[in-house]
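Me: I would like to learn how to read helix packing and sheet layout. Could we work through an example?

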Amino acid sequence: MSRLIPIRFADYDPKELKDIAGRLVVLVTPEGTMDQAARSANRLSKGALARLIASDGFSKAKTGQVISLAWPAGMQVEALDVLVMPRRVTPIEARKAGAALAKASAGKSTTVMAGSMPKAADLALGMALRTYTFEAHKTPSDSKIDGQVVIAHKAHEDMAAKFAPMLAVAEGVHMTRDLVNEPANVLTTSEFANRLVEMESIGLKVEVLDEAQLAELGMRTLLCVGQGSDSPSKVVVMQWNGGPEGEAPVALVGKGVVFDTGGISLKPAGGMEDMTMDMGGAGVVAGTMRTLAMRGAKANVVGLVGLVENMPSGNATRPGDVVKSMKGDTVEVINTDAEGRLVLCDVMWYAQERFKPEAMIDLATLTGAIIVGLGHENAGVFSNNDALCNAFLKAASAEDEGAWRMPLGKGYDDLLKSRIADMKNIGGRAAGSVTAAQFLQRFVKDDTPWIHLDIAGVASVKSETPYAPKGATGWGVAALSRLVQDGFETE
């Protein structure tokens, strides 16, 4: 797993700045008011901070902006970072400010003089989320994260306690990013399963179902996706039992297509290399389960991921084939590149049959159509239950993870009618993300509150975000953890 930069809280002593090494962060309000530490740094640097505040450039500075003074006179630090920060900020403003600091420090040792900042724990979370690199396959260089963060605060023990569950979120996000960023020749279905089994060491109960077991269960739609690959298809079940014994769990179900060529309905060559991220839904489920275990969530949650590889071969599923699902419904495969729903439908049915969950949420990089509709700002949210959907949207908003509810309806469902089977696996070009959700809803029992999250546009992006460099984002881990915390944990 990528290295998470060590972050600790320490006592606040604004008089002891002269001998600090690395980078030093002081807080200044947008109006130019310096706190104790900033005034001390200003004296040591012979007024450099005051001259900065008096400049025209500072008058245009925005909340959360970082202005760096390199090698200030009278100090040992290599940079004095001035964080423009009002006395009162929202958690999101604090996180974004922390992320900006992390980007400026590039993984080097940093001391943040936070004083009495109420949202210092959120600032630390922003630093933890943004300090990320994926260099597992690069020649070692000086760019690696090799420092630590010390946040000096007047109530450092209280802030450390507030930060502890946030650190668990960062751990889960980093795991998700690592999984999504891995190339497919490394993260095979077997390797993916092995990494999940390793989480037994943090208290999860993990089972791996192999192809023989899946065939016995009747998961034929899942197996048909992977039958053209040499990599064996698997389903991994992760259980966290932190709530009352016997209480129905929340079920998280993830699409884990470790590489998607499109199968016989082969994708164009251009951009196919990005299909290493088609296991993004399974990656989010894995990261969320890690977070729940590490923060000791007082809830029962089960995470299930279907791990397959979609390849063309003499044994691959063909367009026009008819496959029977675990539920018993038959599916006419019109396009083998609409494979994620074939994986999910069997795992969702299995989750309901075995665990009878209180609620079920599936995640998948399912359709390009959701990117056309929502871009890379929001995931598509589909649901059969207003209360559950609204609770998730509230959690996503609180964690600054974009999500937008999309429609469901009979008119869309009718587009899946097949001449020779119970349904087709696609409904045509129009409303592609909606008909994909309608397909999945056919495998949701009437009494199961359900959400489908289409994360194709947010799981991995081509440009950096406030909290992540370009590549995998880890979107969804924080929102799902918050949803469990607010709606399903016992006191």
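Reply: We take a helix pair, then a sheet and the helices on it. The model is predicted.

Me: At what angle do the axes of α4 and α5 cross?

Reply: The axes of helix α4 (residues 91-105) and helix α5 (residues 120-130) cross at roughly 45° and come within 6 Å. Angles of 65 to 115 degrees count as roughly perpendicular and those under 35 as roughly parallel, therefore α4 and α5 are oblique to each other. Their crossing is right-handed.

Me: Which residues of α4 and α5 meet?

Reply: On the α4 side they include Pro91, Ala94, Leu101 and Lys103; on the α5 side, Asp122, Leu125, Met127 and Arg130 are among them. The residues of this contact comprise nine nonpolar, two polar and four charged.

Me: Now the sheet. What is the order of its strands?

Reply: In general, strands of a sheet pair through backbone hydrogen bonds, parallel or antiparallel. Here an open sheet of eight strands with mixed pairing runs β7-β8-β10-β9-β13-β17-β14-β15. The edges are β7 (205-209) and β15 (403-405); each has a single partner strand, so one side of each lacks a neighbour in the sheet. From one strand to the next, the twist averages 20°.

Me: In which sense do β14 and β15 pair?

Reply: Strand β14 (residues 379-383) pairs with β15 in the parallel sense, over three bridges. Ala379 has Ala403 in β15 as its bridge partner.

Me: Which helices pack on the sheet or lie across its strands?

Reply: Helix α10 (residues 280-294) packs on the sheet and touches β8, β9, β10 and β13, with its direction at about 135° to that of β9. Helix α13 (residues 386-398) lies across β13, β14, β15 and β17, at about 155° to β15.

Conventions: Residues are numbered from 1 along each chain as its sequence is written. This is a predicted model: local features need pLDDT of at least 70, side-chain atom pairs count only at pLDDT 80 or more; totals for chains, interfaces and linings use all residues. Side-chain values use heavy atoms; hydrogens and water are left out. Axes are lines fitted to C-alpha atoms, for helices over the stretch in contact, and angles run from 0 to 180 degrees between N-to-C directions. Helices (H or I, at least four residues) and strands (E, at least two) are DSSP runs, numbered from the N terminus. Angles under 35 degrees count as roughly parallel, over 145 as roughly antiparallel, 65 to 115 as roughly perpendicular and the rest as oblique. A crossing is left-handed if the near helix is turned anticlockwise from the far one by less than a right angle, and right-handed if clockwise. Contact means heavy atoms within 4.5 Å. Ala, Val, Leu, Ile, Met, Phe, Trp, Tyr, Cys and Pro count as nonpolar, Asp, Glu, Lys and Arg as charged, and the others, Gly among them, as polar. Two strands pair if DSSP finds at least two bridges between them.
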